Amino acid sequence: MKKINLACLIEDDPIHIFLSKKYLEMTGRIENIMICQNGKEAYDKLQAIFTSGEILPELILLDLNMPIWDGWQFLEKFKDIPIQSKITIYILTSSINEADREKARHFNNVNNYVVKPIKLETLIDLLDEMDKEIVNNQN
């Protein structure tokens, strides 16, 4: 099981921030957690990290419904950053709309779509999925 150096949580709801952060910590597999309140803040931080050559997050949990920039606006802009490293993005949303699920499939960097509230077991499954993908890419 690989530890993740940095995970990024893009979420505006304080309750979901608290729960998601707690569960990320409880997995014992996340070293650092970066929290952004909206897509614009996340994009600006990630752009700055990329530009400075610092280590980017390996995992992004992205809410769709947020002020300023929603998750879709973040995804549209994020793909313009010429990042070479693999960043796994999971959409974490309260939307059960099939159109949103379908739209998410059109983004190459989105790995999965999870309806909130996230459960610890679901988060562990996502991290296991990431581990399997890393192993498969190494073979």
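A: E58 touches K2, K3, I4, N5, L6, K86, I87, T88 and M130, not counting residues up to four places away in sequence; contact here means heavy atoms within 4.5 Å. The model is a predicted one, in which local features need pLDDT of at least 70 and side-chain atom pairs count only at pLDDT 80 or more, while totals for chains, interfaces and linings use all residues. Residues are numbered from 1 along each chain as its sequence is written, and side-chain values use heavy atoms, with hydrogens and water left out.

Q: Where is the place of E58, and does E58 count as buried or exposed?

A: E58 sits in the loop between α2 (39–52) and β3 (59–62). Helices (H or I, at least four residues) and strands (E, at least two) are DSSP runs, numbered from the N terminus. E58 counts as buried because its relative accessibility is 17%; buried means under 20% relative accessible area, exposed over 50%, and partly exposed in between, with a 1.4 Å probe and protein chains only.

Q: Moving to α1, how many residues does it have, and what does it reach from its first C-alpha to its last?

A: Helix α1 (residues 14–26) has 13 residues and reaches 18 Å from first to last C-alpha, close to the 18 Å expected at 1.5 Å a residue. The expected span is 1.5 Å times one less than the number of residues.

Q: Which residues of α1 are buried?

A: In α1, the buried residues are H16, I17, S20 and L24. They lie on the same side of α1 because they cover an arc of only 105 degrees around the axis, the arc being that of the directions from the helix axis to the C-beta atoms. The face turned away from that buried side carries the exposed residues P14, I15, F18 and M26.

Q: What caps the N-terminal end of α1, and what follows the helix?

A: D13 is the cap at the N-terminal end, with a side-chain oxygen 2.7 Å from the backbone nitrogen of I15. After α1 comes G28, whose phi is positive, near 70 degrees.

Q: What does H16 touch?

A: Not counting residues up to four places away in sequence, H16 touches E11, K116 and P117. H16 counts as buried because its relative accessibility is 17%.

Q: What joins K116 and P117?

A: A cis peptide bond joins K116 and P117, with omega about 0 degrees. P117 lies in the loop between β5 and α5 (120–138).

Q: Which residue has a positive phi although it is not a glycine?

A: That is I68, with a phi of about 65 degrees, in the loop between β3 and α3. I68 counts as exposed because its relative accessibility is 64%. Most residues other than glycine have a negative phi, and most peptide bonds are trans.

Q: What is F74 in contact with?

A: Leaving aside neighbours within four places in sequence, F74 is in contact with I10, G39, A42, Y43, L46, I60, L62 and W69.

Q: How many aromatic pairs are there?

A: The count comes to 3 aromatic pairs. Rings of Phe, Tyr and Trp (its six-membered ring) pair if their centres lie within 6.5 Å; planes under 30 degrees apart count as stacked, over 60 as edge-to-face and the rest as tilted. One of the pairs is W72 and F107, which is stacked because the ring centres are 6.0 Å apart and the planes are at 25 degrees. W72 lies in helix α3 and F107 in the loop between α4 (98–105) and β5, so the pair ties together parts that are 35 residues apart in sequence. Both W72 and F107 are buried.

Q: How far apart are the ring centres of F74 and F78?

A: The ring centres of F74 and F78 are 5.0 Å apart with the planes at 20 degrees, so this pair is stacked as well. F74 and F78 are separated by about one helical turn because they are 4 residues apart in helix α3.

Terms used:
A polar contact is a pair of N or O atoms within 3.5 Å; within protein, one must be able to donate a hydrogen and the other to accept it, and residues adjacent in sequence count only if both atoms are side-chain atoms.
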